[in-house]
Protein chains: 2
Amino acid sequence: MKDPACSIEKTLEIIGNKWSFLVLRELYDGTKRFNELRRSIEGISPNALTSTLKHLEQKEVVKRKAIPTVPVTVEYSLTEKGQSFNSVLKEMKKWAREWG
Amino acid sequence: MKDPACSIEKTLEIIGNKWSFLVLRELYDGTKRFNELRRSIEGISPNALTSTLKHLEQKEVVKRKAIPTVPVTVEYSLTEKGQSFNSVLKEMKKWAREWG
């Protein structure tokens, strides 16, 4: 039992907190800008979104792309690692439909 | 997209926080007492464990059973709803094995 136990902790460490789940869900729909994310995640503050995105970028789950427009446009999207987290989100949705 | 979005939030509201995932993982192995849970979840404080168990009990994910020994023995186990959350934990383990 030790190894699988470990891996839940590892997942939670990579994903972080509640906001991360919601950011990943939004980005699974496609590339989004900061303000698009902010509007689509109810209750998230700009600071919480900034630190969540930084954390996920550092964990290589999310990619940040700055486009040199004036003002600069910053887009966020999922890496392959982030894409594959969708299997977890799918199970969460299924569970909520059944039990929520 | 609105409904599935909603259901991730619903799941997170029921499950709560990081500790809940770890409590559910432990209880999936079978019924445990408070102190057994405390020992098996690294870093959890008694207060955090108490409030996590209360939250999960209120959400009908965990059952609490008091056995009238002296001193009283309290056992925690998963409800059917809690059992079925294992499909989410399984996907998290799989993801961590691949990407963690």
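Modeller: Two residues are counted as in contact if their C-beta atoms, placed from the backbone, lie within 7 Å, and we shall apply this to a model that is predicted.

Biologist: Which residues does A:Leu37 touch, leaving out those up to four places away in sequence?

Modeller: A:Leu37, which belongs to helix 3 (residues 34-40) of chain A, touches A:Val23, A:Glu26, A:Lys32, A:Leu49 and A:Tyr76.

Biologist: Why does A:Leu37 count as partly exposed?

Modeller: A residue is buried if 20 or more other C-beta atoms lie within 10 Å of its own, and exposed if 12 or fewer do; A:Leu37 has 19 C-beta neighbours inside 10 Å, and therefore counts as partly exposed.

Biologist: How far apart in space are A:Leu37 and A:Cys6?

Modeller: Their C-alpha atoms are 31 Å apart, and in sequence the two residues are 31 places apart.

Biologist: Turning to helix 4 of chain A, which of its residues are buried?

Modeller: A:Thr52, A:Leu53 and A:Leu56 are buried in helix 4 of chain A, and because they cover an arc of only 100° around the axis, they lie on the same side of that helix. The buried residues of helix 4 pack against helix 2 (18-28), strand 2 (62-67) and strand 3 (73-78) of chain A, whereas the face turned away from the buried side carries the exposed residues A:Asn47, A:Lys54 and A:Gln58.

Biologist: What span should the 13 residues of helix 4 of chain A have?

Modeller: At 1.5 Å a residue, helix 4 (residues 46-58) should span 18 Å, and its end C-alpha atoms are 18 Å apart, which agrees. Helix 4 is followed by A:Glu60, whose phi is positive, near 65°.

Key:
Residues are numbered from 1 along each chain as its sequence is written. Chains are lettered from A and ligands numbered from 1 in the order in which they are written. This is a predicted model: local features need pLDDT of at least 70, side-chain atom pairs count only at pLDDT 80 or more; totals for chains, interfaces and linings use all residues. Helices (H or I, at least four residues) and strands (E, at least two) are DSSP runs, numbered from the N terminus. The expected span of a helix is 1.5 Å times one less than its number of residues. The arc is that of the directions from the helix axis to the C-beta atoms.
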